[in-house]
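Hi,

Here is the structure I promised to send over. Have a look at it first, and then read on for what turned up.

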Amino acid sequence: MGFNGFDILPRGASEAIRPWKVNIPQQDLDKLVTLLKVTPLAPPTFENSLPGQDRHMGVRRDWLLAAKHYWEADFDWRKHEKHINSFPHFKAPIHDSSGVFDIHLVALFSKRSDAIPILLLHGWPGCFAEFLSILEIIRTRYTAETLPYHLVVPSLPGYAFSSPPPLDRDIDSDDAARIFDALAVLLGFRNYMIQGGDLGGRIGRVVAAKYPSCKAIHLNTGPMPPPDLALIKSPINEKERDGLERHFFFKHNGSAYAWTHATRPSTIGFVLSSNPIALLAWVGEKYMDWTDEDPPLDVVLEFVTLYWVTNCAATSLWSYRQFYGPQAESHGTKRWHINKPLGYSWFAKEITPVPKAWIETTGDLVFYKQHDNGGHFAAMEQPLALWNDVEEFLIHIKDCFKEQTHGSP
């Protein structure tokens, strides 16, 4: 398959980085269908059968039943796999102090010597596929000769096709940040910026705070506790006040999953890895509840299938204990204050939408924009709006990359 030059590594990239493609064994897909066919659903209950399609108590039985039938009979994984493979994929070995990680990435590389590298980082329950709509926009808009950026979408450790965390030690966002800075070095990038949301935003914040080669960061999520009133300098507008109500509602009514991930990752890991319907209920609920509009079932099943066939439901839970509990860290953590350009995009239906007044206490905020549409998965829901924000942010910070000379291949 040709990639029109977008698959040619930048000059200076390590020869250890190798091309790769997704090819799920047919026996794994057949086993998935078999499990779907023999898996029973819980009986109708008050909680899973509320009138008016109400799902405030969790995923609905009628939705799960219809999704199960479609998944086992009509969902065409190979069609999704073909689209996924229409983008260049790679594997990059990262020799880290915590072990050797084979990091999977999707990328569009430029042939321009002044191309700005951008790492696009996903979260849970997302994966690299969240950013494919943005990559589609880019490869349509530019050629490899005109593209002003190197766009790199890695799978986080323990997610999809990247190596899982080691068995003999814990890892956290500081470790992931070190791994991704090393990935940038392996790709030959002397400097770069990050765009991220959810866990990708948390890891990105750590990278921006700790590693000089990361020159700037753009976020679309920023969960944090209220900052000290003395630090707040900007007013909070009506939309942001409405967002804070959602933020506090989610904290008390929507975060049980995160506490489970943080406090009992072993147990929930077994549950989610033992049956695809359990995984669909747990993950599918988030794609329905955290978005501005319900995504198509095919989109939900693509993400859930990726989690199932890569067996990453249990290996992707490592980050939560750092951010939930008595010693929880957040975007407001002082050691992760960003003393470099910070951009933030606020989406109306984000589950934890914090106002500009809060975000600007966490770094050098030079760009902030509000959007009336879009939720937690901004790259998937509003790819054009999010990407336009990134490009506008880059206008504010272009001087950070004046010495950019990665060279054409």
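Let's start with a helix pair: helix 1 and helix 2 cross in a left-handed way. Bear in mind throughout that this is a predicted model. Helix 1 covers residues 26-38 and helix 2 covers residues 61-73, and the two pack at an angle of about 145 degrees with their axes 9 Å apart. On the helix 1 side, the contact is made by Leu32, Val33, Leu36 and Lys37, and helix 2 brings Lys68, Trp71 and Glu72. Sorted by class, that contact has four nonpolar residues, three charged and no polar ones.

The other pair to look at is helix 4 (residues 132-141) with helix 14 (residues 383-397), which pack at an angle of about 65 degrees, their axes 9 Å apart. An angle from 65 to 115 degrees counts as roughly perpendicular, so that is the label for helix 4 and helix 14. Here the crossing is right-handed. Helix 4 contributes Ser133, Ile134, Ile137, Ile138 and Arg141 to the contact, while helix 14 contributes Pro383, Leu384, Leu386, Trp387, Asn388 and Glu391. Those residues split into seven nonpolar, two polar and two charged.

In soluble globular proteins, nonpolar side chains tend to be buried together. In this model the largest nonpolar core has 133 residues, and the ones with the most contacts inside it are Ile118, Phe128, Ile203 and Leu280. Helix 11 (residues 297-309) supplies the largest share of this core, with eight residues.

Which residues does Ile118 touch, once its neighbours within four places in sequence are left aside? The list is Tyr149, His150, Leu151, Val152, Met193, Gln195, Trp387, Val390 and Leu394.

Is His80 buried or exposed? Its relative accessibility is 9%, so His80 counts as buried, the cut-off for that being under 20%. Setting aside neighbours within four places in sequence, His80 is in contact with Phe75, Asp298 and Glu302. His80 and Val299 are 219 residues apart in sequence, yet their C-alpha atoms are 9.2 Å apart in space.

Cheers

Technical notes:
Residues are numbered from 1 along each chain as its sequence is written. This is a predicted model: local features need pLDDT of at least 70, side-chain atom pairs count only at pLDDT 80 or more; totals for chains, interfaces and linings use all residues. Side-chain values use heavy atoms; hydrogens and water are left out. A nonpolar core is a set of buried Ala, Val, Leu, Ile, Met, Phe, Trp, Tyr and Cys residues joined through side-chain atoms within 4.5 Å. Buried means under 20% relative accessible area, exposed over 50%, partly exposed in between (1.4 Å probe, protein chains only). Helices (H or I, at least four residues) and strands (E, at least two) are DSSP runs, numbered from the N terminus. Contact means heavy atoms within 4.5 Å. Axes are lines fitted to C-alpha atoms, for helices over the stretch in contact, and angles run from 0 to 180 degrees between N-to-C directions. Angles under 35 degrees count as roughly parallel, over 145 as roughly antiparallel, 65 to 115 as roughly perpendicular and the rest as oblique. A crossing is left-handed if the near helix is turned anticlockwise from the far one by less than a right angle, and right-handed if clockwise. Ala, Val, Leu, Ile, Met, Phe, Trp, Tyr, Cys and Pro count as nonpolar, Asp, Glu, Lys and Arg as charged, and the others, Gly among them, as polar.
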